[in-house]
Amino acid sequence: MREHLRVLEAGAEFYDTLAAEFCGLARTAIAQKGAFTVALSGGNTPVPLYERLADINRLSTAEWDHISIFQSDERCVPPDHPRSNYRMINDALLSRLGNSAPDVHRMRGEMDPARAAADYEDEIRALEHVVSKRSHSTDSDTMGLDLILLGLGSDGHTASLFPGGSAIGETTRLVMAQSPESQPEPRLTFTPAVFRAARQVWVIASGAGKATTARKVLLGPVTPILLPAQVLRGLAQVTWWLDREAAEELGDSEGPLA
Ligand code: 6PG
């Protein structure tokens, strides 16, 4: 089994399909084990997806009550800061859920980064009742979230794994603080150990601006230190969701990736 590539028309088809697939995964997990654990990405691309998920016709209040929401990464700023991923997730989704009350695990961007990373790792490891012990990684203690949503940066970063970052090669720790030179503030990020243990990892990229990066990441030589999203290459639980504009340099590569 290899990772999968899904290419959809830009706009409504792209986001409606993602929302429907998300709800299907959530319902299956809740039916099987009474819980669904998902880590949400930051950035702009997922906003229309989160807005669709807030629609009361998607998931019921009872279903949201069985969902635990984590973050894949965060900028080290307060939660009400314009650059906060939590603020974006709250504006697009959480604040629109009305009486639905998912279990939300916010990364503490306002804290000392190293402390915040250690605390968040403890928080994940403590949630044994909702996090699968099944792991794909070499670290038998690594937990498995049901779904991790990630974006793709034009420089090939994903979550807050930026080129040259020390977290790219991490196999044991689950959450690390990073200080990318290209960013105005330090970051908190899941490490590849979390991605490898997850049941499903979705990378979502849209727009022509991501086309060249998508080609390099998916079809080029695998050098994760330069293109960190390539830590996901070869993982069967990974699905790359691209709209036609982001996929324009891939030819007809849809389906299982070689
Ligand atoms: C962040 C994100 C980051 C993002 C990519 C893509 O904190 O910025 O987690 O990894 O997903 O940079 O961002 P866009 O979706 O805005 O292109």
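This is a predicted model: local features need pLDDT of at least 70, side-chain atom pairs count only at pLDDT 80 or more; totals for chains, interfaces and linings use all residues.
How many helices and strands does the chain have? Totals for chains, interfaces and linings use all residues, and side-chain values use heavy atoms, with hydrogens and water left out.

The chain has seven helices and 11 strands, taken as DSSP runs (H or I, at least four residues, for helices; E, at least two, for strands). The radius of gyration is 17 Å, close to the 18 Å given by the globule rule for 258 residues, so the chain is as compact as a globular protein of that length. This radius is taken over C-alpha atoms, and the rule is 2.2 Å times the number of residues to the power 0.38. The C-alpha trace spans about 45 × 40 × 35 Å along its principal axes.

The ligand is surrounded by 15 residues, of which T45, D73, H157, A159 and K210 are the closest; a residue counts if one of its heavy atoms lies within 4 Å. A polar side-chain atom of D73 lies 2.7 Å from a ligand oxygen atom, and a backbone N or O atom of N44 lies 2.8 Å from one. Taken alone, the ligand exposes 420 Å², of which the protein buries 88% (Shrake-Rupley method, 1.4 Å probe).

Technical notes. Residues are numbered from 1 along each chain as its sequence is written. A polar contact is a pair of N or O atoms within 3.5 Å; within protein, one must be able to donate a hydrogen and the other to accept it, and residues adjacent in sequence count only if both atoms are side-chain atoms.
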